[in-house]
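Me: I'm new to this structure and would like to learn how to read its features one by one. Could you walk me through them?

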Amino acid sequence: MGVKEIIDEGRTAIGIEFGSTRIKAVMVDESGAVLAQGGHTWENQHIDGIWTYSLEMIWSGLRGAYAELRENVKKEYGTDIKKTGAIGFSAMMHGYMPFDKDGELLVPFRTWRNTITAEASQQLTKEFDFNIPQRWSIAHLHQAILNNEEHIKDVAYLTTLAGYIHWKLSGEKVLGVGDASGMFPIDSKTNDYNLQYLEKYDKIIESYDLGWKLRDILPKVLVAGELAGKLTAEGAALLDPSGALEAGIPMCPPEGDAGTGMVATNSVAVRTGNVSAGTSIFIMVVLENALKKMHEELDVVTTPDGKDVAMVHCNNCTSDINAWINLFHEFLDVMGYQVDKGVIYEKLFNLALKGSTDCGGLAGFNYFSGEPITGFTSGRPVFIRDADADFSLANFMRLHLYSAVSTLKVGLDILLKEEDVKVEKLYGHGGFFKTKGVGQSIMSAATGGPVTVMETAGEGGAWGMGVLALYLMDKSKEGSDDKPLSQFLSDRIFAGNDGITVTAPEDEMIGFNRFMETFKKTIPVEKAAVLAFEKKD
């Protein structure tokens, strides 16, 4: 059967993901192969001390990404998208989107990037004896209560960005378990919010007399493969104003970018892990056993099918690298050379591997925003060097690649050394790994083991969301054998795809550890920079 017929019959799935800088839409066939893509570039805004995206940006961005997908389908296959087997939406996890009883957003969307909930985070972590990071939805909610914000008594529903999109397109107030685990702790035995913590939280806020219980304002939790509603006529019109897209399309549970990253790298089975490195960076390892104790540097979330996952999350990764590449691009332009940025990235990334393994006396911080792991509520990009440092371009670039993963290393050492968590396979994905072999080698030096990049990793979270939509289609078939998500991925999506594995030489691992000693010694420099360039964060 030709691709046109497959599309016309709806034997496809569509995944759409809202990343930090790009909204991406992907259509896949029943084997997971990408048929077409679309995208829309956007950027968060810093308004009144809050990192946010407006509702207008959200909807125009969604329609823009879908419109480009639709247009590319028309160009490539000579047909329009009228139906699809299933559709799913994912987005940046965490954050704060509270709505009143009429469905109106009460305050502008507060994204994961905000580090304004330290008091709430610390209080809840102590009360639960379970790490509640600042970016989690419950931390934002509780901080708003502690701040006596006017809107708190009017909260009727609290959700994430993915949950919001899904709600408006389907009418269903639900959330995938992975995304829900970034709102409030999940009990992996029940695949639902932890009942003990729910009851404890209601007692914590009892004196505020808010008129609601926490359970009543949170989305219903679903696991991968469950039907999460269907695209309504109103939802179809929101997504595709042309009217071509039909209502009634099955929708899978909306997920967070962490979950779609796990799917996109086939790392949902125990003892597997993945590193997502782009605007932010995080490493996730599917746990065999519960952690021995609570660590504020480690989050516990879940896979899309509910397995416990230990996560080290850092707010900053490639933004400082991108800023320097822009500077180099500007320099070349001034000198009269027209060079594509992609070429600059490739050349400089490869050059970095020729630098000293410990960066030759160069140090720095890539902090555009705060980093709770190292104790920062705000950040300033910093570059420093010894007067007698080997100040070469290769060392300069290696420094910035090291800087992108240095804070991650702090949390990773706790996970691998103190908790003795075993990782048999570690997969990398995101822009940091785009230049072949370079990001992998740097990450391998940081983790002390091999790092694999799959051919599919470049497709990203939107593709992972499309695969979750395929999983719903597979589970919905008559006579389905009810195979777990990990088996579905191994048998259907990744069969024969082992990826490319890179292990850094031992001297690079030793050099990275020497660099980390310098990194830790120079933390006071970053603190001084934050104070010196103090501004409204």
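Me: Which helices and strands each supply at least two residues of the lining of the largest pocket?

Reply: Let's begin with the terms. Helices (H or I, at least four residues) and strands (E, at least two) are DSSP runs, numbered from the N terminus. On a 1 Å grid over the protein atoms alone, a pocket is an open set of points with protein on both sides within 12 Å along at least five of seven lines, while a cavity is a set of points where a 1.4 Å probe fits but cannot get out; lining residues have an atom within 4 Å of a point. In this structure, at least two lining residues of the largest pocket come from each of strand 2 (22-28), strand 14 (272-277), helix 10 (257-264), helix 11 (319-334), helix 12 (341-352) and helix 15 (460-476). Helix 12 has the largest share, four residues.

Me: Where do the model and the numbering come from?

Reply: This is a predicted model, in which local features need pLDDT of at least 70 and side-chain atom pairs count only at pLDDT 80 or more, while totals for chains, interfaces and linings use all residues. Residues are numbered from 1 along each chain as its sequence is written, and side-chain values use heavy atoms, with hydrogens and water left out.

Me: What is the volume of the largest pocket, and which residues lie nearest its centre?

Reply: A volume is the space filled by probe spheres set on the grid points, which are joined across faces, edges and corners. Here the largest pocket has a volume of about 1600 Å³. Its lining has 50 residues, and Ala277, Gly278, Gly430, Gly431 and Phe432 lie nearest the centre.

Me: How does the lining of the largest pocket divide by class?

Reply: Ala, Val, Leu, Ile, Met, Phe, Trp, Tyr, Cys and Pro count as nonpolar, Asp, Glu, Lys and Arg as charged, and the others, Gly among them, as polar. The lining of the largest pocket has 23 polar, 16 nonpolar and eleven charged residues. The second largest pocket has a volume of about 500 Å³. It is lined by 23 residues, with Phe130, Ala290, Leu291, Val300 and Asp308 the closest to its centre. Its lining has ten nonpolar, eight charged and five polar residues.

Me: And how many cavities of 30 Å³ or more are there?

Reply: Rolling a probe the size of a water molecule over the atoms shows where empty space is left. A search of the whole structure finds two cavities of 30 Å³ or more. The largest, of about 60 Å³, is lined by residues including Met92, Trp112, Asp257 and His313. By class, that lining has five nonpolar, three polar and one charged. The second largest cavity has a volume of about 30 Å³, and Cys252, Glu255 and Met465 are among the residues that line it.

Me: Which residues have the most contacts inside the largest nonpolar core?

Reply: In soluble globular proteins, nonpolar side chains tend to be buried together. A nonpolar core is a set of buried Ala, Val, Leu, Ile, Met, Phe, Trp, Tyr and Cys residues joined through side-chain atoms within 4.5 Å. Buried means under 20% relative accessible area, exposed over 50%, and partly exposed in between (1.4 Å probe, protein chains only). The largest core here has 127 residues, and Leu141, Tyr201, Trp212, Leu214 and Phe432 have the most contacts inside it. Helix 13 (residues 393-418) gives the most to this core, eleven residues. A second, separate core of 42 residues includes Ala25, Met27, Ala65 and Ile81.

Me: How many salt bridges does a search of the whole structure find?

Reply: A salt bridge is a side-chain nitrogen of Lys or Arg within 4 Å of a carboxyl oxygen of Asp or Glu. The search finds 19. In one of them, Glu508 pairs with Arg398, with the closest N and O atoms 3.7 Å apart. This pair links distant parts of the chain, since Glu508 is in helix 17 (residues 506-521) and Arg398 in helix 13, 110 residues apart. Arg70, Asp80 and Asp240 are linked in a network of salt bridges.

Me: Are Glu508 and Arg398 buried or exposed?

Reply: Glu508 counts as buried because its relative accessible area is 10%. Arg398 is buried too, at 1% relative accessibility.
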